[in-house]
Each structure stands twice: as C-alpha cells, then as structure tokens.
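Dear colleague,

Please find below the structure I am handing over to you. My notes on what was found in it follow directly after.

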Amino acid sequence: MGLSAEQIRAAMDALALTEPAFAAGLARVGYPPPRIRERGYATLLRTILGQQVSVASAAAVYRKLETLVGDPGDPHTILAASDETLRAAGLSRQKASYARSLAEEVTSKRLDLDHLPADDEEAIAQLVRVKGIGRWSAEIYLLFAEGREDVWPAGDLAVQIEVGRLLGHDERPSEKVTRALAEAWRPHRGALAIFTWHHYGAGPDVDAAPV
C-alpha cells in the first residue's frame with residue numbers, strides 16, 4: 001500500500017518548513033494525490049509491460065493477456081503460456097523473457113514480495129536481481145506498492161526536471177546531483193517524489209522561480 005494522502009501532507013508540510021521552494025510549490029499546485037498500487041507480482045508485471053510504452057499501451061497488453069492466458073496476476077499463467085501466445089498479447093520477445101523471469105522468481109520463492117527486507121537498499125537489491133527490473137522500477141514499486149517513505153527515484157527524468165525547476169537551477173540536475181541534493185530531505189523523499197510528478201503535471205506554465 002502506497003503513501004496515504006495524510007502521510008504525503010505531513011511529509012510535505014515538514015519539508016516546506018525547511019525549504020522555501022517547496023512551500024512555494026505547494027502554494028502553486030497544492031498537495032499531490034496518493035499513488036497507490038497493489039503489493040505483489042501483478043504490479044511488478046505491469047511495471048515491466050509499461051517500460052518504454054504509454055500507459056494506455058501497457059493497459060491494452062494487460063487486457064489482451066487476460067483474454068489469452070487468464071489472470072496475468074497469477075505467475076503460473078505466464079509460465080504456462082507459449083511464446084506465441086505472449087507475442088500475440090503484444091509482448092516483445094524481450095518483455096516476454098522478463099515476464100517469465102519474474103514469474104519464475106516468484107513461484108520459486110526466490111523472490112518473496114510479501115517479505116522484502118525492511119532496509120530500502122536491501123529491498124532494491126533483491127528486486128533488481130530479477131531480469132527486467134532496474135533500480136527505477138524497484139524504487140517505484142517500493143514507493144507505490146509498499147509506501148516506503150524515504151524511497152527517492154533520482155533517475156526519474158520528471159523528478160530531475162522538477163527538482164531543478166523548484167530550486168531555480170539553470171539546467172536539469174543529473175541523477176547523481178539529484179540524489180545528493182535529496183540527502184537533506186530525508187526521511188520524506190518519497191512524498192517529495194510524488195510532489196515533483198504532481199508539479200510536473202501542472203505543466204511548464206507554472207512559475208517555479210525560487211522565492
């Protein structure tokens with residue numbers, strides 16, 4: 001379960017007290033809505049399906065899987081499906097391989113999504129061992145499905161863009177710089193990531209000059 005509206009509000013209020021740029025951002029666009037996903041295999045599968053395609057395209061593939069193989073949220077259905085069936089559902093050869101890899105890790109219990117390590121970095125390390133799951137996907141899963149309060153997806157382009165805009169940088173900060181800047185924002189970085197997406201969604205017409 002992801003961060004609740006109350007958790008996001010409390011975290012952003014705390015950040016606004018220490019960083020005027022965040023207080024100004026809240027005044028411009030308000031608090032972001034929660035981004036909550038179900039914990040477990042189905043959410044990670046949807047993450048794989050959504051890589052490098054639109055949300056609508058990923059949803060269409062998931063629906064086609066439901067038609068062709070049954071419940072995609074059951075990893076056994078992916079393992080039982082032929083390569084031809086997965087391709088007919090819209091999965092590329094690579095994504096079919098990733099989906100099978102994830103299903104094998106879950107059904108074998110090598111990956112126990114109900115008992116990931118409490119330490120965020122250890123949990124990320126377990127997730128990225130799965131073929132097709134990179135650090136960004138692992139961080140997004142931990143934030144949206146587990147509500148980890150201090151997960152910080154610094155590699156996300158929109159997060160980088162909005163951190164730069166909010167703080168008045170002339171150029172988009174790199175992942176390394178974005179990660180370093182965020183050390184001062186612990187332990188509320190998860191809520192801040194959600195806020196940066198909310199601010200990004202407000203569009204470029206929002207005046208994000210520093211106060």
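Three helices, α3 (41–49), α4 (55–69) and α9 (135–144), each supply at least two residues of the lining of the largest pocket. Helices here are DSSP runs of H or I with at least four residues, numbered from the N terminus. A pocket is defined on a 1 Å grid over the protein atoms alone, as an open set of points where a 1.4 Å probe fits, with protein on both sides within 12 Å along at least five of seven lines; lining residues have an atom within 4 Å of a point.

The model is predicted: local features need pLDDT of at least 70, side-chain atom pairs count only at pLDDT 80 or more, and totals for chains, interfaces and linings use all residues. Residues are numbered from 1 along each chain as its sequence is written, and side-chain values use heavy atoms, with hydrogens and water left out.

The pocket. α9 gives the largest share of the lining of the largest pocket, five residues. The lining has 24 residues, and Arg-46, Thr-47, Gly-50, Val-55 and Trp-136 lie nearest the centre of the pocket. By class, the lining divides into 11 nonpolar, nine polar and four charged residues (Ala, Val, Leu, Ile, Met, Phe, Trp, Tyr, Cys and Pro count as nonpolar, Asp, Glu, Lys and Arg as charged, and the others, Gly among them, as polar).

The domains. The domain assignment, automatic or from a database, gives domain 1 (5–36 + 150–202) and domain 2 (41–145). Both domains give residues to the lining of the largest pocket, so the pocket lies between them. The C-alpha centres of domain 1 and domain 2 lie 27 Å apart. Their contact (heavy atoms within 4.5 Å) takes 13 residues from domain 1 and eight residues from domain 2.

A helix pair. Helix α10 (residues 157–167) and helix α12 (residues 189–201) pack at about 80°, with axes 9 Å apart. Axes are lines fitted to C-alpha atoms over the stretch in contact, and angles run from 0 to 180 degrees between N-to-C directions. The two helices are therefore roughly perpendicular (65 to 115 degrees). The residues of this contact divide into nine nonpolar, two polar and two charged.

Backbone points. Gln-52, in the loop between α3 and α4, has a positive phi of about 65° although it is not a glycine. A cis peptide bond joins Arg-186 and Pro-187, with omega about 0°. Most residues other than glycine have a negative phi, and most peptide bonds are trans.

With kind regards

Definitions and conventions
Angles under 35 degrees count as roughly parallel, over 145 as roughly antiparallel, 65 to 115 as roughly perpendicular and the rest as oblique.
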